[in-house]
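This report goes through one protein model for a reader who has not seen it before. Please look at the sequence and the structure before reading on.

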Amino acid sequence: VARPDFALVGPGRLGLRLADRLVACGFECVAVRGRHPVRAQRRAPSAATWDTWDDPAEWRLPAVVFVCVPDHAIAEVGRLLACRHDLDGVSVLHTSGLLTADALDPVRRRGGTAASWHPLQSFPPADLRPTPWDGVACAVEGDPAAVEVGFEVATILGLRPWHIQPVDKPLYHAAAATAANLTYLLVASTRELFRGVGLPATDDPHPLAPLLATVVSAALSHPGLTGLTGPLARGDRETVARHLQILPPPLADAYRALARLVEDGRGEEGRT
Ligand SMILES: NC(=O)c1ccc[n+]([C@@H]2O[C@H](COP(=O)([O-])OP(=O)(O)OC[C@H]3O[C@@H](n4cnc5c(N)ncnc54)[C@H](OP(=O)(O)O)[C@@H]3O)[C@@H](O)[C@H]2O)c1
């Protein structure tokens with residue numbers, strides 16, 4: 001499959017990782033644009049960096065443009081691309097989990113095609129460990145030509161592209177944020193509690209890693225809540241009450257709220 005040249009708008013947490021992966025897979029990055037040109041150039045030294053939105057009229061955009069800016073800036077970037085460039089034959093893909101291709105509507109009015117292209121993965125700041133790409137699911141929707149490009153590029157990068165219905169994006173993204181961000185907050189907070197009781201804090205692997213790996217694997221492979229262990233699974237209310245007394249209030253609130261899912265789950269089982 002041909003590797004089209006690409007441009008990146010938004011060299012942030014996801015954008016830089018994506019550009020690295022694309023380059024490693026044989027694509028050429030011909031331009032990077034951020035809000036701060038010098039910073040964008042420093043982050044992507046090999047690219048022919050645009051330095052303003054006032055490109056010479058004869059400069060043509062490459063066939064693929066990835067827009068990895070915060071959700072609130074996607075429409076503005078679409079408008080700027082459309083007012084500066086003829087977009088005939090150009091596919092513009094944004095990476096929002098929540099918004100659909102329609103956020104890039106102005107691009108269509110200049111002959112371009114638009115898609116949303118969302119990898120179901122977390123991309124922390126670049127100074128942390130590199131994020132794995134292999135096998136990551138990638139939700140794609142939008143105009144047929146841009147979706148085709150999105151599927152091809154995702155496959156070359158080792159991702160698993162799938163079609164999402166535009167109407168499903170808000171619930172999809174809420175589920176992704178709940179799985180990823182709430183898990184992060186729970187693990188980061190309990191890690192501090194373990195530190196307080198003297199659990200040796202080696203980093204690689206952290207002593208919590210085997211427990212978390214087993215729990216995540218059980219939650220992903222068992223139906224409903226059948227893989228749950230501990231006092232909530234055993235219906236041990238006394239132990240749960242002691243936990244709620246000793247935990248810091250925000251964690252006790254989270255524990256209480258999530259415990260309701262166990263009650264709801266039992267209710268569901270009773271009905272089936
Ligand atoms: N990070 C993740 O884990 C992740 C995962 C999946 C999808 N996404 C999606 O990817 C998108 C970007 O997220 P992120 O976490 O990578 O954000 P981020 O780290 O904040 O990076 C955003 C980048 O966009 C640039 N930018 C902001 N406004 C701009 C504008 N008006 N014109 C041009 N560039 C602009 C910023 O430039 P400056 O650096 O110059 O400010 C920065 O380089 C979001 O839609 C997000 O939902 C993120």
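## Around the ligand

Which of the 25 residues around the ligand come nearest? They are R13, L14, R35, D71 and F123. The model is a predicted one, and the values below are computed from it.

For F123, a backbone N or O atom lies 2.7 Å from a ligand oxygen. For V69, the distance from a backbone N or O atom to an oxygen atom of the ligand is 3.2 Å. For P11, a polar backbone atom is 3.3 Å from an oxygen atom of the ligand. Taken alone, the ligand exposes 900 Å², and the protein buries 84% of that area.

## Make-up of the shell

Helices α1, α2 (37–43) and α3 (71–84), together with strand β5, are the elements that give two or more residues to the shell around the ligand. The most comes from α3, with 4 residues. By type, the shell holds 10 nonpolar, 9 polar and 6 charged residues.

## The nonpolar cores

The largest nonpolar core has 28 residues. Inside this core, the residues with the most contacts are L18, F66, W117 and L157. At least two core residues come from each of β1 (6–9), α1 (13–24), β2 (29–33), β3 (64–67), β5 (113–119), β6 (137–142) and α5 (144–156). Helix α5 gives the most, with 5 residues.

F66 shows who its neighbours are once residues up to four places away in sequence are set aside: F66 touches A7, L8, V9, L18, L22, L93, W117 and V153. Another core lies apart from the largest one and has 21 residues, among them V9, I74, A103 and V107.

## E141 in strand β6

E141 is placed in strand β6. Is E141 buried or exposed? E141 counts as buried because its relative accessibility is 7%, and the cut-off for buried is under 20%.

The side chain of E141 has polar partners. One of its polar atoms lies 2.7 Å from the backbone nitrogen of A101. The side chains of E141 and S116 are joined by a polar contact of 2.6 Å. Leaving out residues up to four places away in sequence, E141 touches T100, A101, A115, S116, V147, I164, P166 and K169. K169 is 28 residues from E141 along the chain, and the C-alpha atoms of the two are separated by 9.6 Å.

## G34 in a loop

G34 sits in the loop between β2 and α2. With a relative accessible area of 22%, G34 is partly exposed, since buried means under 20% and exposed over 50%. G34 and L8 are 26 residues apart in sequence, and their C-alpha atoms are 8.5 Å apart in space.

## The protein as a whole

The protein has 10 helices and 7 strands. Of its 272 residues, 37% count as buried.

How many of the contacts between residues at least 6 apart in sequence join residues at least 24 apart? In this protein, 57% of those contacts do.

Conventions
Residues numbered from 1 in each chain as written. Predicted model: local features only at pLDDT ≥ 70, side-chain atom pairs only at ≥ 80, totals over all residues. Heavy atoms only, no water. Core = buried A, V, L, I, M, F, W, Y, C linked by side-chain atoms within 4.5 Å. Buried < 20%, exposed > 50% of the residue type's maximum accessible area, 1.4 Å probe, protein only. Contact = heavy atoms within 4.5 Å. Near = heavy atom within 4 Å. Polar contact = N/O pair within 3.5 Å; in protein donor to acceptor, adjacent residues only side chain to side chain. Areas by Shrake-Rupley, 256 points an atom, 1.4 Å probe, with all protein chains shown as cover. Nonpolar A, V, L, I, M, F, W, Y, C, P; charged D, E, K, R; others polar.
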